[in-house]
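Here is a short briefing for a reader who is new to this structure. It begins with a pair of charged side chains and then moves through the other features by topic.

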Amino acid sequence: MTRVVVTGMGAVSALGANWAEAEPLLRAGRNRVVHVPAYAEYAGLNTQLAAPVDFAVPAHYTRKQVRTMG
């Protein structure tokens with residue numbers, strides 16, 4: 001069996017850009033889901049709800065790193 005040590009963790013989340021922003025919302029059971037009226041223009045889209053994330057790819061990320069983001 002191989003031992004693993006987790007030294008850090010990160011996330012891109014609608015709740016916030018860091019743990020200090022996200023933690024109070026998680027503990028309060030809140031979310032950031034909003035109605036997006038602009039989605040109505042897409043035929044076949046069955047929802048107009050979204051949890052928008054404010055994220056810009058850092059300049060030091062290579063093209064390969066960006067392609068692997070899910």
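Arg 27 and Glu 23 both belong to helix α1, which covers residues 19–27, and they sit four residues apart, about one turn of the helix. The model is predicted, and a search of the whole structure finds one salt bridge in it. That salt bridge joins Arg 27 to Glu 23, with 2.9 Å between the closest N and O atoms.

- Side chains of opposite charge can pair when their charged atoms come close.
- An α-helix has 3.6 residues a turn, so residues three or four places apart point the same way.
- Arg 27 counts as exposed, because its relative accessibility of 69% is above the cut-off of 50%.
- Glu 23, with a relative accessible area of 23%, is partly exposed, since this value falls between the limits of 20% and 50%.

**The ends of α1 and the segment before it**

- Asn 18 caps the N-terminal end of α1, where one of its side-chain oxygens lies 3.1 Å from the backbone nitrogen of Ala 20.
- Gly 29, which comes just after α1, takes a positive phi of about 70°.
- Gly 16 is found in the segment before α1, and at 15% relative accessibility this glycine counts as buried, because buried means under 20%.
- Between Gly 16 and Arg 32 there are 9.4 Å in space, C-alpha to C-alpha, although the two are 16 residues apart in sequence.

**The aromatic pair**

- The structure holds one aromatic pair, which is formed by Tyr 39 and Tyr 42, with 6.5 Å from centre to centre.
- The planes of Tyr 39 and Tyr 42 stand at 70° to each other and the pair is edge-to-face, because planes over 60 degrees apart count as edge-to-face.
- Tyr 39 is partly exposed, with a relative accessible area of 30%, and Tyr 42 is also partly exposed, with a relative accessible area of 48%.

**A nonpolar patch on the surface**

- Val 12, Val 53, Phe 55, Val 57, Tyr 61, Val 66 and Met 69 form a nonpolar patch on the surface, and together they have about 560 Å² of accessible area.
- One of the residues in this patch, Tyr 61, is found in the loop between β2 (49–50) and α2 (63–67).
- At 31% relative accessibility, Tyr 61 counts as partly exposed, and this value can qualify for a patch because the cut-off there is over 30% relative accessible area.

Conventions:
Residues numbered from 1 in each chain as written. Predicted model: local features only at pLDDT ≥ 70, side-chain atom pairs only at ≥ 80, totals over all residues. Heavy atoms only, no water. Phe/Tyr/Trp six-rings, centres within 6.5 Å; stacked < 30°, edge-to-face > 60°. Buried < 20%, exposed > 50% of the residue type's maximum accessible area, 1.4 Å probe, protein only. Salt bridge = Lys/Arg side-chain N within 4 Å of Asp/Glu carboxyl O. Helix = DSSP H or I, 4+ residues; strand = E, 2+ residues; numbered from the N terminus. Patch = residues over 30% accessible without salt bridge, like charges linked within 9 Å, V, L, I, M, F, W, Y side chains within 5 Å. Areas by Shrake-Rupley, 256 points an atom, 1.4 Å probe, with all protein chains shown as cover. Polar contact = N/O pair within 3.5 Å; in protein donor to acceptor, adjacent residues only side chain to side chain.
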